[in-house]
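Here are a few quick notes to read next to the model.

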Amino acid sequence: MNACPALGVQDGAGIAEALRTVDCVSASAAQTAFGRLFGAGGGLGTALTLLLTLYVGLLAMNLLTGRSRLGLSMLTPRMLMLGLVLTFATSWVAYQSVVWNLLTGAPDQIASVVTGEQGSATVAFAHRLDTVFTAVGDAAEAANRPVPVSAVNGISPAPPQAHGWTAGDVLWMAALLLLLGTVGVLLVSRIALAALLALGPVFIVMALFRGTHGLFVGWLKGAVMFALVPLFTVLIGGAALQLLTPVVANLDGGDVTMRAAVTMFLGACVYAALMAIVLKVSATMVAGWRIGGGSRNDAAEAQTSAASVSAVATAPVATAGGATTYTNQRQPASDRVRSIVEATRVAANDSTERVGADHRTRTTVASVRLGDGERLPRFASGGDRRVDGVRGRFRAKPALVPGKPKS
């Protein structure tokens, strides 16, 4: 940590030098923290051994009691998870090569590819911002500088003001917004990312257990969010600086008018608003990220839909044809499940009504009282008319009355 340069503003040091200093200090601090946590003689080495022993013991207990079946589908992800945790929690070389370089170097590399920079895109962006800040500061000092005494007959007038504000004051406010928008987003995100990565081994170990897996997911989301902030800062901030270049060029040389100062102040306000949007976009992207591809959420949603279908209570209702149908007492919550249930109910009602009509056609008759001349049963109106022809050719035998001799 002593090899890192000191953070200062002397000798023309600006945002680019501050970024280099913060990166160097962050890397040294993360390495020192890793050694103190799980390195040789680290404070949490014994705790790591106990947690790994507990994990293996719980796995063996699940196998012995039959709660888990021994197979590749069960052992492969668990052994892979155990190996990754041991590697990243006990080896600084592996942790730095994968986790640190991926979260700190990959966004800068992507920004370099997009912008076409040969080196670091973040450093190049910081140099352009230093140039703009220097030009705005020089213009503010020139605007506040009084007119020479010899030019106005020995009188040194004050700079022109508008409601107590001079053009120099407005330019200094614009420069402050530019500096705050960059330092408040770029440097702060890098410092926060370094703090999360310094504690990363602790949260990686928490990924082993289901009860603490949420802490690991939260740590991973936070680290990815602060890793995305420099990427969007370089891309969006670089485009904003390109738009501010003509405005800054008008401030170089000559008298600075209040109109030019207000234009620069408006551009600085837009730049600061864009930096705030960068934080919002990064947080929104990470909030919508589901670890594991969302398969667990899809399965839970399917189980919820199935439970809602099975939980629909039905009650019997008698229809006009004597059949029994069922009506839903509670509607499912999902629109798609509700449409499926409604289609099933309509099909069932149609088939029930059709069967009832056929049954009435076959069995509903109006019997004629038997007398001396026996007659066939007369089908009720609405029966099958094809039976009328058959009725005229065949007659049913008269029923025998007990006690009456056969004629």
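1. What share of the contacts in the chain with a separation of 6 or more comes from residues 24 or more positions apart? It is 64%, with contact meaning heavy atoms within 4.5 Å.

2. Before going further: this is a predicted model, where local features need pLDDT of at least 70 and side-chain atom pairs count only at pLDDT 80 or more, while totals for chains, interfaces and linings use all residues. Numbering starts from 1 along each chain as its sequence is written, and side-chain values use heavy atoms, leaving out hydrogens and water.

3. The chain has 13 helices and 6 strands (DSSP runs: H or I of at least four residues for helices, E of at least two for strands, numbered from the N terminus). Of its 407 residues, 29% are buried, that is, under 20% relative accessible area with a 1.4 Å probe and protein chains only.

4. Take a look at H1 (residues 15–38) and H6 (residues 121–144): their axes come within 7 Å and cross at roughly 145 degrees. Axes here are lines fitted to C-alpha atoms over the stretch in contact, with angles from 0 to 180 degrees between N-to-C directions. H1 brings Ile15, Ala16, Leu19 and Arg20 to the contact, and H6 brings Thr122, Val123, Ala126, His127, Leu129 and Asp130.

5. Leu51 sits in helix H2 (residues 45–65). Why is Leu51 classed as partly exposed? Because its relative accessibility is 34%, and the class runs between the buried limit of 20% and the exposed limit of 50%.
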